[in-house]
Structures are given as C-alpha cells and as structure tokens.
Amino acid sequence: MNIAFIGLGNMGAPMAQNLIKAGHSVTGFDTAAAPEGIPMAASAPEAVQEADVVITMLPNGAILRSVANLVIPAMKPGAVLCDCSTVDVDSAKAVAEQAEAAGLGALDAPVSGGVGGASAGTLTFMVGGGDAAFATVQPLFEIMGQKAVHCGAAGAGQSAKICNNMILGVTMIATCEAFALADKLGLDRQKMYDVVSTSSGYSWTMNAYTPAPGVGATSPADNGYKPGFAAELMLKDLRLSQQAAESADADTPMGQLAAALYEHFVEQENGKGMDFSAMLPRFEKRGRG
Ligand code: NAD
C-alpha cells in the first residue's frame with residue numbers, strides 16, 4: 001500500500017517505521033521532525049498525492065483541522081484519511097465530514113499503549129468511521145498494533161478514548177488519596193494493598209500500576225515517577241473529556257474535579273514531566289488545609 005504519514009513525533013515516527021519494516025511504501029511529512037529511514041516530502045499535499053491511506057499523528061484538534069484543509073483536496077479519490085491523534089470529538093467529526101464530502105474514507109483511530117507500544121507495534125486502536133474505510137486500514141492497524149476495536153461511526157474512537165481515560169484519571173486520584181489517607185491513619189501501605197487489590201476497591205491503577213513505590217505492581221513509582229504516562233498528557237485527555245461533556249450536555253462532576261486537580265498539579269505544583277501517578281507524593285505532602 002502507498003501510505004502518507006503526517007506527524008512523525010514520539011508516536012508517529014516508530015509507527016511509520018513499523019509500516020516500512022512490514023514492506024509498505026511510506027512518504028512522511030512533519031513541520032519539525034525528520035526521523036531516520038522515512039522518505040520525506042516537501043509539503044503535506046505533496047506527501048498525500050499517491051497515497052491509498054493518509055495517517056496523521058498530530059498534537060491536537062486545531063492542528064488536525066489545519067492539516068486536513070491542506071491534504072483533503074490533494075488526496076486520490078477513494079483514499080482513506082485515518083487520524084490516530086488524540087483530539088476533541090467535535091474536530092474528529094468535522095474532519096470526517098469534510099473528507100467524506102470530498103469522496104474520501106475517514107477514520108478517527110486514537111491509540112493507547114504510549115511510545116513503548118508504538119515502537120513494539122502493540123498499540124490498541126479505538127476506531128470510529130465507516131466499515132469500508134475500517135476494512136482498508138485494518139491490515140495497517142495489525143502491523144502498528146495488537147488490537148483494533150471498531151467502536152462505531154465518526155467520533156466513536158475519540159469518544160471511547162476519552163471515556164476510558166476519564167475513568168483512569170479519576171481512579172488514579174482515588175487510589176493515591178487512599179494511600180495518603182492510609183499513611184495518616186498509620187495503616188501499612190503493603191497491608192492496604194493486600195486487602196484492596198483483592199477486594200471491591202481493586203482497579204487497574206491499584207493492581208497493575210500501583211502508585212506507591214515498593215508496593216504491588218512494578219510501575220513508574222518504582223522509578224522516581226518518571227513517565228510512563230505523563231501528568232500533562234492525562235490533563236490533555238481530561239480536558240478533552242470535559243469539552244466533550246460540555247458539548248454533549250453530560251454531567252461528569254468527578255471528571256471535572258480530576259481535570260482541575262491535574263491542572264493544578266501540572267501548572268502550579270511542578271507535576272509537568274512527572275508520571276500521572278505522582279499524585280501520591282502530591283497528596284502525601286498535604287493535609288486538609
Ligand atoms: P509529538 O509532539 O512528539 O509529535 C507530534 C508531531 O507533529 C511533531 O513532530 C510535530 O512537529 C508535528 N506537527 C505539528 N504540527 C504539524 C503540522 N501542521 N504538519 C505536520 N506535522 C506537524 O507528540 P506525540 O507524543 O507523538 O503524540 C501525538 C498524538 O498522539 C497526540 O495527539 C497525543 O495525545 C497522542 N498520544 C500520545 C501518547 C504518548 O504516550 N506520547 C499516547 C497516546 C496518544
């Protein structure tokens with residue numbers, strides 16, 4: 001397949017390199033990065049001219065919309081625009097509508113698995129869009145990842161991603177709060193883990209990504225809270241969840257509070273560059289006042 005890949009940063013570069021390794025022809029474009037081993041075009045429209053599938057991996061919805069304005073008119077009829085970035089649901093739907101009106105296929109296909117998953121080709125794709133476009137891109141999802149779930153129509157992939165990550169953010173905060181409360185109550189952390197990890201308070205954050213060093217699963221907490229999944233990326237996803245809740249008139253008070261806590265942590269408490277589980281040392285330092 002002829003593939004154009006736009007946005008070759010931390011995630012996009014290894015994803016594109018895996019497609020090349022699997023024998024596909026990839027033409028890249030990025031306004032700043034020029035990773036090794038990826039033939040680059042001089043502009044986004046030039047990169048997409050011959051492409052059967054155009055993959056984008058960009059920082060946010062505004063940039064996706066501006067790139068879509070450039071590439072949609074330059075794409076071959078019937079080609080598929082597949083956005084793998086994490087962006088707001090409204091931008092995902094708007095870009096899909098624009099692509100379909102131009103006679104193209106369109107998918108929103110955000111990922112989970114991070115930079116490690118992108119390099120190893122073990123990402124999970126959450127996909128919104130039409131059946132035919134999904135069938136075209138599925139072989140590429142199989143190279144870049146281990147699982148692709150077709151979640152529904154345009155926007156459904158982004159919706160699944162932000163619902164998942166809203167649960168993750170809220171649950172991480174609850175888990176960190178509970179460890180900090182246990183400390184103040186004089187309850188041993190290991191004992192709390194032994195009880196909770198096999199009781200009704202168990203969760204992925206407690207059992208698989210334990211935020212307390214030396215307790216439970218090996219995690220970024222055991223590595224000085226180096227990410228992992230950075231607090232600022234969690235903040236980005238929580239903000240997207242609140243933007244979607246606003247747009248869809250959904251009541252998400254816990255998501256709102258989680259977004260506010262991560263915002264404070266990242267912007268005023270040196271949380272930037274820390275793993276999102278570093279909420280635990282943040283709570284350790286604080287009393288009620
Ligand atoms: P990044 O900043 O490393 O890469 C983005 C790339 O896009 C950069 O190389 C930048 O130069 C390029 N770019 C910006 N504007 C452009 C334009 N107009 N035209 C062409 N290229 C342009 O970010 P990343 O970590 O690779 O993340 C990409 C997306 O994946 C984001 O939406 C992020 O939320 C999502 N994501 C990231 C992770 C992660 O762990 N890093 C995990 C899951 C999802």
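Analyst: The model is predicted. According to an unreviewed UniProt entry, residues 2-152 carry the feature "domain: 6-phosphogluconate dehydrogenase NADP-binding".

User: UniProt lists Lys 161 for "active site". Is Lys 161 buried or exposed, and why?

Analyst: The listing comes from an unreviewed UniProt entry. Lys 161 has 27 C-beta neighbours inside 10 Å. A residue is buried if 20 or more other C-beta atoms lie within 10 Å of its own, so Lys 161 counts as buried. Lys 161 is placed in helix 7, residues 156-184. Leaving aside neighbours within four places in sequence, Lys 161 is in contact with Thr 86, Pro 110 and Met 126.

User: Why is Arg 65 called partly exposed?

Analyst: Arg 65 has 16 C-beta neighbours inside 10 Å. The buried class begins at 20 or more and the exposed class at 12 or fewer; the value for Arg 65 therefore falls in between, and the residue counts as partly exposed. Arg 65 belongs to helix 3, residues 61-71. Not counting residues up to four places away in sequence, Arg 65 touches Ser 91, Ala 94 and Val 95.

User: What makes the length of helix 4 agree with expectation?

Analyst: Helix 4 covers residues 89-101, which is 13 residues. At 1.5 Å a residue the helix should span 18 Å, and its end C-alpha atoms are 18 Å apart, so the two values agree. Helix 4 is followed by Gly 103, whose phi is positive, near 80 degrees.

User: Which residues of helix 4 are buried, and how do you know that they lie on the same side?

Analyst: The buried residues of helix 4 are Val 89, Ser 91, Ala 92, Val 95, Ala 96 and Ala 99. They cover an arc of only 165 degrees around the axis, which puts them on the same side of helix 4. Among the elements covering these buried residues are helix 3, strand 4 (80-83), helix 7 and helix 10.

User: Which residues of helix 11 are buried, and what makes them one side of the helix?

Analyst: In helix 11, the buried residues are Gly 255, Ala 258, Ala 259, Leu 261, Tyr 262, Phe 265 and Val 266. Because they cover an arc of only 165 degrees around the axis, they are on the same side of helix 11. On the other side, Pro 253, Glu 267 and Gln 268 are exposed. The buried residues of helix 11 pack against helix 7, helix 10 and helix 12 (279-284). Helix 11, residues 253-268, reaches 22 Å from its first C-alpha to its last, close to the 22 Å expected at 1.5 Å a residue.

User: Which residues are closest to the ligand, and which helix supplies the largest share of the shell?

Analyst: The ligand is surrounded by 26 residues, the closest being Gly 7, Gly 9, Met 11, Ala 32 and Ser 85. Helix 3 gives the largest share of the shell, three residues. Helix 3, helix 5 (114-120) and helix 10 (231-248) each supply at least two. The shell divides into 15 nonpolar, nine polar and two charged residues.

Definitions and conventions. Residues are numbered from 1 along each chain as its sequence is written. This is a predicted model: local features need pLDDT of at least 70, side-chain atom pairs count only at pLDDT 80 or more; totals for chains, interfaces and linings use all residues. Helices (H or I, at least four residues) and strands (E, at least two) are DSSP runs, numbered from the N terminus. Two residues are in contact if their C-beta atoms, placed from the backbone, lie within 7 Å. A residue is near a molecule or strand if its C-beta atom, placed from the backbone, lies within 6 Å of it. Ala, Val, Leu, Ile, Met, Phe, Trp, Tyr, Cys and Pro count as nonpolar, Asp, Glu, Lys and Arg as charged, and the others, Gly among them, as polar. UniProt positions are given in the numbering used here, feature names are shortened, and annotations may be inferred rather than shown by experiment. The expected span of a helix is 1.5 Å times one less than its number of residues. The arc is that of the directions from the helix axis to the C-beta atoms.
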